[in-house]
Amino acid sequence: MAESVYARIVASRIRSQLAYRGSFALDVVAQLVGQAIELLAILVLFTQVGSLGGFDRSEVVLMYGLAATAFGLADLTVGQVEQLPEYIRTGEFDVMLLRPLGTLPQLLSADVALKRIGRVLVGAGVLVWSLATLDINWTPLRVLVAGLAPVTGAVILAAMWVAANCVSFWLVDGREVASSVTYGSNFATSYPITIYGPWLRRLMCFAVPGAFVAYFPALALLGRPDPLGLPDALRYASPVVAAVAAIAAGLIWRSGIRHYQGTGS
Amino acid sequence: MLSPYPELVAAGFRRYASYRQAALAGLSTNVVFGLLRAAVLTAVLAERGTVGGYDLSVAVTYVWLGQGLLTVVDLWSDRELSQRIRTGDVVVDLGRPWDLQAAMLATDLGRAGNAVIMRLVPPMLFGMVFFPFRFPAEAITWALFAVSAVLAVVVSFGVRFLLNLSAFWLLDARGVLAVWGTVGGLLTGLILPLSWYPARAQAVLAWTPFPALFQTPIDVFTERGSPVTLLAHQLVWAVILLALGRVALTRGARRLVVNGG
């Protein structure tokens, strides 16, 4: 029952955006360019050096492709969570609490920004190109990693954003804190974690599991040893990390809702 | 009659000074991105000691100045005028006994002045404490940097003013502003130092106003190139853009049709 309600809500949101075709096309292009800028920056860096953190250009581009696809998918599905402070401020969130539906699904389906498909297109394009041109020794396991990595990466990012946006239940203006996690993760996951200092790296490996979005799956695909000497099992651990992250985000969201007291006016 | 413009500078300053918690939260974004960008540049320099004249200390200074100047120069957030054009509220602005462009520039300078305290100084201090920050060798550089930062705000205002005015013709300037939001960072030297770009791209960019927004004030601070040339480039573009803005405003206002008169 509830599923069909969401299906109808999402379908209506999508229809409403396609009504203005010209404006929609421009929005998609802006998203496309926005995502491609970071790729351009990586390519500029490689005009100056031959390798970055021990990885050559095609390998870093593969990581970018994985990261950008995951980011695009996550942005398309849960990007709406960024609007939480707005919903709380206007009191619209209180309305959601009263409806007999889950608060998170309601928030996420309140506006599905289809234009974000532009980011997915860039990421998927680069990823396919990378997988086709890199000399990958294909095994059934690697095929599985290549197929699953964008999805598990998206789940990890989505879980991080939901958890980060929960600060809005406690802070009045938590938007910027949350957006540093959202856009910071897009930037950070596009590069090999070897370039970060030990502090930042530990934070990205374990506290915020960004390394499992692109870095470890890329190691699995490339079949090369980890320059950091981390255990080989980690490169196949993304699905497990994604599941744990999703559960953790759900728990944080619940405790946030329980603490939520409204804006008071 | 007293000139309203100094008052407008003060009003712009006060308007943004009231959002202290938001400024603090915004700082967290600047610091996170500063750490990430510094890591990328450091990794590049680990492969090759200097790139495009940047050694490690210049590179980290570039990063923290850039993160600090981000809100001062303000590439992104200014879309109020385009919305007022779309709704027609701009009629009220045009009817007031002031020069609209000068009034908006005054308010923007006030905003930038507040951002210097809330958003430029903290990331700079962060860079000075935790990174091998490069302090200017000459005392005069601090003063030149201040001038260059003001000019950067004026040039940025000039660009934003023109983009917002496009709403007179397009009705909705969102698309134009969105494109500027994405390419602006790359063209102005915010994302990567422009001296790391291929020579041909650098040569083209030198003829545009874009470096004046971020790369030039940073170059002045890190004492790269003659400050006179750098400031002159900014000044010339500030004048050109403000003049273009004037012409565009007059032309656009002529297109404005208001019901009833």
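Helices (H or I, at least four residues) and strands (E, at least two) are DSSP runs, numbered from the N terminus. This is a predicted model, in which local features need pLDDT of at least 70 and side-chain atom pairs count only at pLDDT 80 or more, while totals for chains, interfaces and linings use all residues. Residues are numbered from 1 along each chain as its sequence is written, and chains are lettered from A in the order in which they are written.

Chain B has 12 helices and 0 strands.

A residue is buried if 20 or more other C-beta atoms, placed from the backbone, lie within 10 Å of its own.

| Chain | Residues | Buried |
|---|---|---|
| Chain A | 265 residues | 42% |
| Chain B | 261 residues | 46% |

In chain B, helix α12 (residues 227-255) has 29 residues and reaches 42 Å from its first C-alpha to its last, close to the 42 Å expected, the expected span being 1.5 Å times one less than the number of residues. Its buried residues include B:Trp237, B:Leu241 and B:Gly245, and what covers the buried residues of α12(B) includes α6 (100-130), α7 (140-165) and α11 (215-221) of chain B.

How values were computed:
Buried ≥ 20, exposed ≤ 12 C-beta atoms within 10 Å, placed from the backbone. Contact = placed C-beta atoms within 7 Å.
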